[in-house]
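Dear colleague,

My notes on what was found in it follow.

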Amino acid sequence: MNDLSLTILPEAAGDAQAIERLHERTFGPGRFVLSAYRIREHVDHLLELSFTARIGTLLVGSVRQLPVLVGETPALLLGPLTVEPPFRDRGIGRLLMERALKDAKERGHRLVLLVGDEPYYSRVGFKPVPKGRVTMPGPVDAARILVFELVDGAFEGVSGAVVPDWSKARG
């Protein structure tokens with residue numbers, strides 16, 4: 001981690017504005033048309049499975065996870081994962097993902113999906129979903145849909161559309 005004193009903590013409700021500003025800076029306004037954001041419009045992320053990275057009191061990174069269904073199979077959708085540009089390439093994103101995956105497994109979740117760059121996310125164990133097996137709303141490059149099995153074999157026989165887990169939808 002290079003001489004930085006980093007703390008990874010569960011996201012708190014009071015972190016929302018700072019995280020939104022971080023997303024604004026790092027992803028810009030185009031983020032709202034992406035498939036993953038369309039799902040996020042309907043279901044809130046799970047605070048207990050979403051994390052912040054801080055150096056002192058400075059928020060330098062964030063990862064969120066929200067409940068989805070792949071066909072009829074419960075899963076989590078990881079993202080967005082973001083780190084302030086001056087703090088990138090120091091392992092912060094990897095630490096955030098590792099914590100998010102570890103806690104998801106400890107809470108009994110079996111699968112995590114995301115849309116992202118396979119060379120980056122494969123470093124923690126994400127694998128490409130076979131083409132056509134999973135679909136998402138809106139524009140998405142199918143080659144960027146990745147899966148992580150928290151339980152061996154959890155993705156066997158799973159296919160279908162990724163949709164919000166409506167049982168956890170906002171009121």
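In strand β9 (residues 160–164), Val 162 is the bridge partner of Val 70. The pairing between β3 and β9 is antiparallel and runs over three bridges; two strands are said to pair if DSSP finds at least two bridges between them. Helices (H or I, at least four residues) and strands (E, at least two) are DSSP runs, numbered from the N terminus.

Before going further, please note that this is a predicted model, in which local features need pLDDT of at least 70 and side-chain atom pairs count only at pLDDT 80 or more, while totals for chains, interfaces and linings use all residues. Residues are numbered from 1 along each chain as its sequence is written, and side-chain values use heavy atoms, with hydrogens and water left out.

Strand β3 and its neighbours

β3 also pairs with β4, in the antiparallel sense, over nine bridges. Within that pairing, Val 68 has Ala 75 of β4 as its bridge partner. The two strands form a hairpin with two residues between them, and Gly 71 in the turn has a positive phi of about 65°. Gly 71 counts as partly exposed because its relative accessible area is 29%; the classes are buried (under 20% relative accessible area), exposed (over 50%) and partly exposed (in between), with a 1.4 Å probe and protein chains only. Gly 71 is 63 residues from Val 134 in sequence, yet their C-alpha atoms are 8.3 Å apart in space.

β2 and β3 run antiparallel as well, joined by five bridges. Here Thr 52 has Ser 62 in β3 as its bridge partner. This hairpin, too, has two residues between the strands, and Gly 56 takes a positive phi near 65°. As for burial, β3 is mostly covered, with 12 of its 13 residues buried.

Salt bridges

The structure holds seven salt bridges, each defined as a side-chain nitrogen of Lys or Arg within 4 Å of a carboxyl oxygen of Asp or Glu. Arg 64 and Glu 11 are both buried.

Glu 98 and Arg 94 form a salt bridge whose closest N and O atoms are 2.9 Å apart. Both lie in α3, four residues apart, about one turn of the helix. Glu 98 counts as partly exposed because its relative accessibility is 35%, and Arg 94 is placed in that class because its value is 38%.

Asp 103 and Arg 99 meet through their side chains in another salt bridge (3.2 Å, N to O). These two residues likewise lie in α3, four residues apart, about one turn of the helix. Asp 103, at 11% relative accessibility, counts as buried, whereas Arg 99, at 23%, counts as partly exposed. Salt bridges that share partners join Arg 99, Lys 102, Asp 103 and Glu 106 into one network.

Nonpolar cores

A nonpolar core is taken as a set of buried Ala, Val, Leu, Ile, Met, Phe, Trp, Tyr and Cys residues joined through side-chain atoms within 4.5 Å. The largest has 27 residues, and those with the most contacts inside it are Leu 78, Leu 96, Leu 101, Val 112 and Phe 126. At least two residues of this core come from each of β2 (51–55), β3 (58–70), β4 (73–83), α3 (92–106), β5 (111–115) and β8 (145–149). The largest share, six residues, is supplied by α3. Apart from this core lies another, of 18 residues, including Val 43, Ala 75, Leu 111 and Leu 113.

Cavity

A search of the whole structure finds one cavity of 30 Å³ or more. On a 1 Å grid over the protein atoms alone, a cavity is a set of points where a 1.4 Å probe fits but cannot get out, and lining residues have an atom within 4 Å of a point. The largest cavity has a volume of about 30 Å³, the volume being the space filled by probe spheres set on the points, which are joined across faces, edges and corners. Its lining consists of Val 129, Pro 130, Lys 131, Gly 132, Arg 133, Val 134, Ala 142 and Ile 145.

With kind regards

Methods:
1 Å grid on protein atoms, 1.4 Å probe; cavity = no way out; pocket = protein on both sides within 12 Å on 5 of 7 lines; lining within 4 Å.
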